[in-house]
Amino acid sequence: MSDAADQIFATLKQSSQSGAPLYLQLRKSIEDAVNRGLIGPGDALPSERDIATKADISRVTVRKAVQDLVKGGILVQRHGSGTFVAPRMERVEQSLSRLTSFTEDMARRGMAVRSAWLDRGLYAPSPDEMMVLGLSSSELVARVSRLRIANDTPLAIERASLSASALPDPAGIGSSLYAALELTGNRPVRAVQRISAANLGDADARLLEVPPGVAGLHIERISYLASGKVIEFTRSIYRGDAYDFVAELRLTGPSEEGRP
Ligand code: GLP
């Protein structure tokens with residue numbers, strides 16, 4: 001990386017007359033170098049001290065620029081080993097018109113899927129769960145919370161709630177909730193999904209291996225059986241840099257206007 005580093009910091013010296021604060025100039029030089037491919041995912045940045053010497057600026061200025069880039073997800077810092085260009089996220093394009101499971105979506109793309117369990121068990125339902133799943137306070141809810149990982153990158157945190165009568169043993173679902181529901185004839189056939197923007201809180205960001213506060217997607221899915229009964233109420237947080245949700249739109253004829 002030393003040639004590339006020299007180029008970055010040489011550019012900084014040339015442009016240091018522009019009047020913008022030095023840390024912004026350094027931040028831009030590093031960002032440009034990443035965008036132009038001079039330094040790539042996984043490449044190590046020189047130490048703060050080296051950058052400061054090469055660019056002839058203070059270490060405080062270097063630290064400020066680097067911290068900004070870490071916050072923005074361009075660089076990552078690993079304790080004890082230094083600062084690196086962040087791995088590039090391959091964005092997943094996800095259709096909004098097919099009712100598929102995470103396992104199926106990733107398998108179709110040839111990605112290896114695994115999950116880390118965050119929680120699974122039977123609980124007294126929350127007011128939200130009672131309302132959406134139509135449970136009374138004497139019934140139990142089955143909760144299945146997982147960190148969903150594809151090709152070793154954590155993509156989403158999914159917290160699913162189902163009535164305990166539909167999923168009496170949440171610990172026994174194996175790797176796919178929908179596959180387990182299929183076995184008992186409880187796989188949903190229709191779902192309503194609500195997507196909204198969210199900034200990731202500390203705990204979620206840590207699980208998804210992104211800096212706290214970065215953009216994410218909050219997705220709520222309510223799924224139904226053919227009978228019209230709600231089977232699944234899932235709240236998920238997806239990494240904003242990993243997903244493109246795609247919806248196909250069609251022009252409706254006058255006879256279809258106003259239909260839900
Ligand atoms: C998607 C949906 C979830 C659903 C999950 C099931 O990710 N957003 O609502 O619970 O798929 O996935 P799997 O069958 O892989 O557990």
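Which residues in H2 are buried? Gln-25, Leu-26, Ser-29, Ile-30, Ala-33 and Val-34 are buried in that helix. Buried means under 20% relative accessible area, exposed means over 50%, and partly exposed lies in between (1.4 Å probe, protein chains only).

## Basis of the model

This is a predicted model, in which local features need pLDDT of at least 70, side-chain atom pairs count only at pLDDT 80 or more, and totals for chains, interfaces and linings use all residues. Residues are numbered from 1 along each chain as its sequence is written, and side-chain values use heavy atoms, with hydrogens and water left out.

## Helix H2

Helix H2 spans residues 22–35 and has 14 residues. From first C-alpha to last, H2 reaches 20 Å, close to the 20 Å expected at 1.5 Å a residue. The expected span is 1.5 Å times one less than the number of residues. Helices (H or I, at least four residues) and strands (E, at least two) are DSSP runs, numbered from the N terminus.

An α-helix has 3.6 residues a turn, so residues three or four places apart point the same way. Just after H2, Gly-37 takes a positive phi of about 80°.

## Domains and annotation

The domain assignment gives domain 1 (2–85) and domain 2 (92–246). Their C-alpha centres lie 39 Å apart. These bounds come from an automatic or database domain assignment.

An unreviewed UniProt entry places the feature "domain: HTH gntR-type" at residues 20–88. UniProt positions follow the numbering used here, feature names are shortened, and annotations may be inferred rather than shown by experiment. Over residues 20–88 the chain is 51% helix and 12% strand. The end C-alpha atoms of that stretch are 29 Å apart.

## Two aspartates with positive phi

Most residues other than glycine have a negative phi. Asp-56 has a positive phi of about 60°. Asp-56 sits in the loop between helix H3 (48–55) and helix H4 (59–71). Its relative accessibility is 63%, so Asp-56 counts as exposed.

Asp-152 has a positive phi of about 70°. The loop holding Asp-152 runs between strand E5 (141–150) and strand E6 (153–163). Asp-152 counts as exposed because its relative accessibility is 58%.

## Arg-148 in strand E5

Arg-148 belongs to strand E5. With a relative accessible area of 3%, Arg-148 is buried. Its side chain makes a polar contact with the side chain of Ser-115 (3.1 Å). A polar contact is a pair of N or O atoms within 3.5 Å; within protein, one must be able to donate a hydrogen and the other to accept it, and residues adjacent in sequence count only if both atoms are side-chain atoms.

Leaving aside neighbours within four places in sequence, Arg-148 is in contact (heavy atoms within 4.5 Å) with residues including Phe-102, Arg-114, Pro-154, Glu-158 and Ser-175.
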